[in-house]
Amino acid sequence: MRLKKLGFLFLKLKFMSIQTIKWTNNSARIIDQTKLPGKLEYITCRDVERMWWAIRRLEVRGAPAIGVAAAFGVLLGIKNFAGKDKKKFRKHFNKTCDYLATARPTAVNLFNMLDEMRAVVREHPEAEVIILKRLLFHRAMMIFEEDRRVCRTMGCCGAKLIRNGMRLLTVCNAGALATVDYGTAEGVMYAAKEAGKKFSVYACETRPLLQGARLTAWELMREKIDVTVICDNMAATLMKQGKVDIVFTGADRIASNGDTANKIGTYMLAVLAKHHNIPFYPVAPRSSFDLKIKSGKQIPIEERKPEEVTHFAGVPITPKGTKVFNPAFDVTPNELISGIVTEYGIIRRPLGENIRKMFKSYGEQLLIKSAERKA
Ligand code: MRU
């Protein structure tokens, strides 16, 4: 019994070994994901500008990790504010939040977490600067801890969908590297592994920046999960050969009707999955939902620089002057989605109706939370 417990603890420790982002010594420490899998290097962000660039350059990436990075970015932005002038502090704070909001446009976690930080200042109109700084620090740490907790909860919910012998397919990286330390889609895999299930994973390489080949393969291999990398254009063949049983992806923004933005290529996989009768599940916390928008049509899609397509590892691979289309995300319409795995359980179809129901009960929890904060 004791040995079993120790073994469990060991597994837990093992999963915590990838710490994507952390607050330490009044700075934010992040893994430089542009260097993986070759080198595991860290960047220390000591000011808000460095954090903005880290988000923009994808040194820290993945919707939930970007949300935490934004909260830490706020702390970096206000840490050197000197003086006691409340009005000046509020102005400086708002400017910092507005600035961080320009780092990347699609992952709603960035905006949702900035809203959480803004709520702290809004809810304490009379507070002194020193108190606001402390409250903001506390809120950022809660955002960090909440990510760790919800990823593990989602993992357990989603692991129920995995049966022994299944072959999973995923795209991009929705793992520990896309969150604080566990992952959404990959979190489901980690939880299934912890539950003793045997399965294997196909990881789409995810052109142009290869998050699947570089990051997902690295992470899953570290965790001793059987992973095979495929080029993005091989998914149809695999499915036709009957080698894929279920698809798990992350999500950058989910609209009220369930339309889901995720890494470019996800929509293509959803169409293929529907055609081959394969279940398709995004895995995402409530911080990835945007209930202010009705459908995926309203999701802003980031377009990134042409060099990501025209060059490979710094070497040109297209004729000079080639025209490029480089959207970083696409939107999967809700009708192609079997269900969405969240920390509250699996949202089943009809997605729009069931998302509303879930958020109604979440709204009640939110009130309790903010009442607790005030007390
Ligand atoms: O451009 P990236 O690497 O930030 O894109 C990441 C994704 O598309 C992930 O799938 C998504 O953020 C979900 S991460 C849990």
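Reader: Where does Asp-181 lie?

Author: In this predicted model, Asp-181 belongs to the loop that links strand S4 (166–170) and helix H7 (185–194).

Reader: Why is Asp-181 called buried?

Author: Its relative accessible area is 1%. Buried means under 20%, and therefore Asp-181 is classed as buried.

Reader: What makes the pairing of Asp-181 with Arg-148 a polar contact?

Author: The side chains of Asp-181 and Arg-148 are joined at 2.7 Å, and the cut-off for such a pair of N or O atoms is within 3.5 Å. A polar contact of 3.1 Å also joins the side chains of Asp-181 and Arg-152, and this value meets the cut-off as well.

Reader: Why are the buried residues of H2 said to line one face of the helix?

Author: The buried residues of helix H2 (residues 48–56) are Val-48, Met-51, Trp-52, Ala-54 and Ile-55. Viewed down the axis of H2, they fall within an arc of 160°, so they line one face.

Reader: Which elements do the buried residues of H2 pack against?

Author: They pack against several elements, among them strand S1 (21–24), helix H3 (63–78) and helix H5 (108–123).

Reader: Which polar atoms lie by the oxygen atoms of the ligand?

Author: A polar backbone atom of Gly-62 is 3.1 Å from a ligand oxygen, and one of Ala-63 is 2.8 Å from a ligand oxygen. From Gln-211, a polar side-chain atom lies 2.9 Å from an oxygen atom of the ligand.

Reader: How much of the ligand's accessible area does the protein cover?

Author: The ligand has 410 Å² of accessible area on its own, and the protein covers 100% of that area.

Definitions and conventions:
Residues are numbered from 1 along each chain as its sequence is written. This is a predicted model: local features need pLDDT of at least 70, side-chain atom pairs count only at pLDDT 80 or more; totals for chains, interfaces and linings use all residues. Side-chain values use heavy atoms; hydrogens and water are left out. Buried means under 20% relative accessible area, exposed over 50%, partly exposed in between (1.4 Å probe, protein chains only). Helices (H or I, at least four residues) and strands (E, at least two) are DSSP runs, numbered from the N terminus. The arc is that of the directions from the helix axis to the C-beta atoms. Contact means heavy atoms within 4.5 Å. A polar contact is a pair of N or O atoms within 3.5 Å; within protein, one must be able to donate a hydrogen and the other to accept it, and residues adjacent in sequence count only if both atoms are side-chain atoms. Accessible areas come from the Shrake-Rupley method with a 1.4 Å probe; for residues, only the protein chains shown count as cover.
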